[in-house]
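Please load the model in a viewer and keep the sequence at hand.

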Amino acid sequence: MKDAFGLPQSLLVLGGTSDIALATARRLIARRTRTVWLAGRPSPALEKAAEELRGLGADVRTVAFDALEPESHESVLGKVFAECDVDMVLLAFGILGDQAHDEREPVSAVRVAQTNYTGAVSAGLVAAAALQTQGHGSLVVLSSVAGERARRSNFIYGSSKAGLDAFAQGLGDALYGTGVHVMVVRPGFVRSRMTAGLDEAPLATTPDAVATAIELGLRRRSETVWVPGRLRLIMTALRHTPRPLFRRLPL
């Protein structure tokens with residue numbers, strides 16, 4: 001069960017090699033988390049991540065999970081929840097894609113959408129149902145400020161995150177009062193393996209900073225977390241900028 005400050009003893013990470021997810025797991029292990037499941041495609045990277053977290057004192061297990069195989073999600077995640085209660089599920093998988101390439105190759109664009117949105121809808125609903133059955137827990141969904149308004153430079157990725165964000169907000173409303181807490185996390189540009197080689201955007205942040213914000217959000221039982229917080233005002237302004245002007249912005 002979670003402690004008085006809302007921090008979990010047990011954590012299930014969907015996207016077990018995500019830099020943000022691992023930074024969050026490290027931070028939570030340093031506080032109170034003792035059991036961690038890392039779900040992802042079997043790989044040396046997943047095993048390395050598990051070993052690192054074990055070195056911090058947690059009981060860590062890996063789970064074979066593929067966002068692009070929604071028909072397997074109920075079975076895979078059901079086995080985790082059958083072992084014991086899960087205090088927190090962190091939905092952290094996603095791909096950035098290559099905008100220029102994906103515009104020319106629709107199949108690649110669809111893979112971005114299926115991973116970031118369709119796969120998340122499936123996994124999110126399965127996890128939410130399991131949390132509701134046990135009567136408690138948090139579902140933390142990594143969204144992005146890119147979903148606030150589609151930009152020319154990454155509208156395929158942005159549109160997938162917009163769908164995910166809307167889904168997670170609606171799911172949170174559906175679960176209100178059930179004992180299940182849904183928190184949407186909207187980071188800006190995060191310096192990570194996923195963004196390596198890209199030009200850094202203003203107000204860039206780090207996986208550790210996102211992890212810190214997630215911990216604070218859990219303690220406060222926040223429904224939406226912006227990282228950094230100043231992006232909330234900036235994105236509110238951009239969301240309401242007239243399209244002719246928005247097109248001229250260096251975004």
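This is a predicted model: local features need pLDDT of at least 70, side-chain atom pairs count only at pLDDT 80 or more; totals for chains, interfaces and linings use all residues.

**Stop one: helices α5 and α6**

Select residues 106-134, which form helix α5, together with residues 155-175, which form helix α6. Two packed helices are described by the angle between their axes and the distance between the axes. Here the angle is about 15 degrees and the axes are 9 Å apart. That angle makes α5 roughly parallel to α6, the threshold for this term being under 35 degrees. The crossing of α5 and α6 is right-handed.

Next, display the side chains of the contact. On the α5 side, select A109, V112, A113, N116, Y117, A120, V121, G124, L125, A128 and Q132. On the α6 side, the contact is made by I156, Y157, S160, G163, L164, F167, L171 and L175. Colouring the contact of α5 with α6 by class gives 14 nonpolar residues, five polar residues and no charged ones.

Remain on α5 and select T118, which is found in this helix. A C-alpha to C-alpha distance drawn from T118 to L164 reads 8.4 Å, for two residues that are 46 apart in sequence.

**Stop two: helices α1 and α2**

Move to residues 19-31 for helix α1 and residues 44-54 for helix α2. These helices pack at an angle of about 20 degrees, with a distance of 10 Å between their axes. The helices α1 and α2 are therefore roughly parallel to each other, and α1 passes α2 in a right-handed crossing. To view the contact, select L22, A25, R26 and I29 of α1, then A49, E52 and L53 of α2. The residues of this contact of α1 with α2 comprise five nonpolar, no polar and two charged.

**Stop three: the aromatic pair**

How many aromatic pairs does a search of the whole structure find? The search finds one. Select F65 and F93: their ring centres are 5.6 Å apart and the planes stand at 45 degrees, a tilted arrangement. F65 lies in the loop between β3 (59-64) and α3 (73-83), whereas F93 lies in the loop between β4 (88-91) and α4 (99-104), so the pair ties together parts that are 28 residues apart in sequence. Both F65 and F93 are buried.

**Stop four: two backbone features**

Most residues other than glycine have a negative phi, and most peptide bonds are trans. Select R221, in the loop between α7 (207-220) and β7. Although R221 is not a glycine, its phi is positive, at about 55 degrees. R221 counts as partly exposed, at 44% relative accessibility.

Then proceed to V227 and P228, which are joined by a cis peptide bond with an omega of about -5 degrees. P228 lies in the loop between β7 (224-227) and α8 (231-239).

**Stop five: C84**

Finally, select C84 in the loop between α3 and β4. C84 has a relative accessible area of 32% and is partly exposed. Draw a C-alpha to C-alpha distance from C84 to A23: the two residues are 24 Å apart in space and 61 residues apart in sequence.

Conventions:
Residues are numbered from 1 along each chain as its sequence is written. Side-chain values use heavy atoms; hydrogens and water are left out. Axes are lines fitted to C-alpha atoms, for helices over the stretch in contact, and angles run from 0 to 180 degrees between N-to-C directions. Helices (H or I, at least four residues) and strands (E, at least two) are DSSP runs, numbered from the N terminus. Angles under 35 degrees count as roughly parallel, over 145 as roughly antiparallel, 65 to 115 as roughly perpendicular and the rest as oblique. A crossing is left-handed if the near helix is turned anticlockwise from the far one by less than a right angle, and right-handed if clockwise. Contact means heavy atoms within 4.5 Å. Ala, Val, Leu, Ile, Met, Phe, Trp, Tyr, Cys and Pro count as nonpolar, Asp, Glu, Lys and Arg as charged, and the others, Gly among them, as polar. Rings of Phe, Tyr and Trp (its six-membered ring) pair if their centres lie within 6.5 Å; planes under 30 degrees apart count as stacked, over 60 as edge-to-face and the rest as tilted. Buried means under 20% relative accessible area, exposed over 50%, partly exposed in between (1.4 Å probe, protein chains only).
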